[in-house]
Amino acid sequence: IMAVSQRTRAMTYLHDKTIATMVGQQILNEIEVNLLAIPSDSVAMQKTTYMLGQTWYAHISTSNTQDLHIQKIIVCIFSHLPMTKHSPTACVKGYRNNDA
């Protein structure tokens, strides 16, 4: 019984991590096609989204890279609030042209 319980927890963890990664990638896609505007100056923002039957909370931050024309975007996905008390379920990174 203990092995079944452990396997169930592991599968739930992988399930949540996979969905959180999909949510993060969806947010990066929205940024890429300008459906979601984010500040170009390293100001973090939050977004709440509903996907696959669950509410997800995103913390979106930007930073400059060595190339002044490229901006790094980090999207961390949380399954619970407040974000400051929980570890992110997943984080995804992307880059965009700073000139756009």
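A residue is called buried when its relative accessible area is under 20%, exposed when that area is over 50%, and partly exposed in between, as found with a 1.4 Å probe and with protein chains only. By this rule, 29% of the 100 residues of the chain count as buried. The structure is a predicted model, in which local features need a pLDDT of at least 70 and side-chain atom pairs count only at pLDDT 80 or more, whereas totals for chains, interfaces and linings use all residues. Residues are numbered from 1 along each chain as its sequence is written, and side-chain values use heavy atoms, with hydrogens and water left out.

The chain has one helix and four strands, where helices (H or I, at least four residues) and strands (E, at least two) are DSSP runs numbered from the N terminus. Read from the N terminus on, these elements follow the order α-β-β-β-β. Along the principal axes, the C-alpha atoms of the chain fill a box of roughly 55 × 25 × 25 Å. Of the contacts in the chain with a separation of 6 or more, 43% are accounted for by residues 24 or more positions apart, a contact being defined as heavy atoms within 4.5 Å.

The chain exposes about 6800 Å², of which carbon and sulfur atoms supply 57%; accessible areas come from the Shrake-Rupley method with a 1.4 Å probe, and for residues only the protein chains shown count as cover. Met11, Tyr13 and Leu14 make a nonpolar surface patch of about 320 Å², and Tyr13 has its place in helix α1, which covers residues 2-32. Patches are made of residues with over 30% relative accessible area and no salt bridge, with like charges joined within 9 Å and nonpolar side chains (Val, Leu, Ile, Met, Phe, Trp, Tyr) joined within 5 Å. As for charge, the mean positions of the 8 positive and 6 negative charges of the chain are 16 Å apart. In this count Lys and Arg are positive and Asp and Glu negative, while His and the chain ends are not counted, and the place of a charge is taken as NZ of Lys, CZ of Arg, CG of Asp or CD of Glu.

The structure holds one salt bridge, a term that requires a side-chain nitrogen of Lys or Arg within 4 Å of a carboxyl oxygen of Asp or Glu. This salt bridge joins the side chains of Lys47 and Glu30, at 3.8 Å from N to O. Because Lys47 lies in strand β1 (residues 45-51) and Glu30 in helix α1, the pair ties together parts that are 17 residues apart in sequence. Lys47 is partly exposed, with a relative accessible area of 22%, whereas Glu30 is buried, with a relative accessible area of 17%.

Two residues stand out for their backbone angles. Most residues other than glycine have a negative phi. Asn34, although not a glycine, has a positive phi of about 65°; Asn34 is placed in the loop between α1 and β1 and counts as exposed at 65% relative accessibility. Leu52 is likewise not a glycine and has a positive phi, of about 55°; Leu52 lies in the loop between β1 and β2 (54-64) and, at 58% relative accessibility, counts as exposed.

Further loop residues illustrate how separate parts of the chain meet. Thr89, in the loop between β3 (70-78) and β4, is buried, with a relative accessible area of 15%. Apart from its neighbours within four places in sequence, Thr89 is in contact with Asp16, Lys17, Ala20, Trp56, Ile77, Phe78 and Ser79. Thr65, in the loop between β2 and β3, counts as partly exposed at 23% relative accessibility. With neighbours within four places again left aside, the contacts of Thr65 are Ile70, Gln71, Lys72 and Tyr95; the C-alpha atoms of Thr65 and Tyr95, which are 30 residues apart along the chain, are separated by 9.3 Å.

Strand β4 supplies two further positions. Cys91 lies in this strand, is partly exposed at 42% relative accessibility and, leaving aside its neighbours within four places in sequence, is in contact with Val75 and Cys76. The C-alpha atoms of Cys91 and Thr8, 83 residues apart along the chain, are separated by 23 Å. Asn97 also belongs to strand β4 (residues 90-97) and is partly exposed, with a relative accessible area of 40%. Between the C-alpha atoms of Asn97 and His86, eleven residues apart along the chain, the separation is 31 Å.
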